[in-house]
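Biologist: Please take a close look at a single part of this structure for someone new to it, and describe how that part sits among its surroundings.

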Amino acid sequence: MNKNILLCVSGGIAVYKAVALVSKLSQAGANVKVIMTASARQFVNPLSFQVMSKNDVFFDTFDEKDSHVIAHIDLADWADLILVAPATANVIGKLANGIADDMVTTTLLATTAPVWIAPAMNVHMYDHPAVKRNLAQLAADGYQFIEPSEGFLACGYVGKGRLEEPEKITAIVKDFFSPKSKPLLNKTVLVTAGAVSVSMDAQHVIRTKANGKIGLAILEEARTLGATAFLVGENGATVYDLIEEIEQYKKQYPHAYFIHAANTPTIEGTPKLSVEGTSAVIFGQEVIGEPMLTVVSHEWIDFSDVAEVKGHVLELTNAVQFAKALWTYVLLGEDK
Ligand SMILES: Cc1cc2nc3c(=O)[nH]c(=O)nc-3n(C[C@H](O)[C@H](O)[C@H](O)COP(=O)(O)O)c2cc1C
């Protein structure tokens, strides 16, 4: 696994396990660098991480060791994957709210690499509505989680909140980088998301209602599965602009998967999308041409309810889970 893993360590009792995690990841062939919060340094001396990773440990945003680069941007760009382990309730809350007041949170906001969060805390902290709200926000923002396991907690309680074992986290990371977990590698995916408007006459437009969460989750999951994925049109785009943009993309990427998750007006006279030449999955829009893969439904799908994909009924209440399930079923039987 010749990958660059950036480990962000925040201040929980499980920091000692993060040292073992660096060791396991290094043994698995990863290049590991570590950033620590000030609280994390209360638990373990940075020297332990330095020795295990054979790299400098970072903790001060303003300590610029190399004058050629800005350290947090350099680290954010260097990483193929960022793990936040252990992730405290505090760091989860800051990330969910876009706060960047130390080296860990500043780097997390500066990266485009996938970020996995491994929460570890007291069971009541984990159950607190504010923490749950923040975790839900991070899930909606596309972050992945390594769920805490159940067992004896250092605080004396028994319950969910233990940082997952370093061996298990390392196995998940190895699996993530294995080519078989990237079925969309070298594929192009085009996704529409959100609302669409269409002119009725010179003075009036009809605009559908949609927040775009489903389409964006499908886009993010496609990227996780290795695709080069593009969002086509912006939220509220006119149907004419959308169609023009799709046609341009289709010329550029003739074998793209096309996922139409935007809420397109269905009034008479609305121009139709052509999916000819693409592998298309369409939600509730009449189309011209023979889609190569499947048209999920010609009926309108209410995104607040369920959708049927290749005979499987999928819940739509959680956009991220839906996107994962959608790709699983879309890729069933596909040539890899
Ligand atoms: C002994 C001890 C253990 C702690 N364990 C945890 C923990 O497991 N999870 C957590 O979220 N906070 C824990 N905390 C509280 C955090 O250290 C505290 O919220 C801190 O502000 C987190 O800062 P950071 O997120 O910047 O690392 C613990 C504090 C102490 C004193």
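Modeller: From strand S5, Val115, Ile117 and Pro119 point one way, while Trp116 and Ala118 point the other way, and all are buried (20 or more other C-beta atoms within 10 Å of the residue's own, with C-beta atoms placed from the backbone; 12 or fewer is exposed, and in between is partly exposed). This is a predicted model, where local features need pLDDT of at least 70 and side-chain atom pairs count only at pLDDT 80 or more, while totals for chains, interfaces and linings use all residues. Residues are numbered from 1 along each chain as its sequence is written. Because 5 of the 5 residues of S5 are buried, the strand is largely enclosed by the rest of the structure. Strands here are DSSP runs of E with at least two residues, numbered from the N terminus, and two of them pair if DSSP finds at least two bridges between them. S5 covers residues 115-119 and pairs with S6 in the parallel sense over 2 bridges; there, Ile117 stands opposite Phe145. Strand S4, residues 81-87, runs parallel to S5 and is joined to it by 4 bridges, with Ala87 opposite Pro119. These strands belong to an open sheet of 6 parallel strands, ordered S3-S2-S1-S4-S5-S6. S3 (57-58) and S6 (144-145) stand at its edges with a single partner strand each, so one side of each is left without a neighbour in the sheet.
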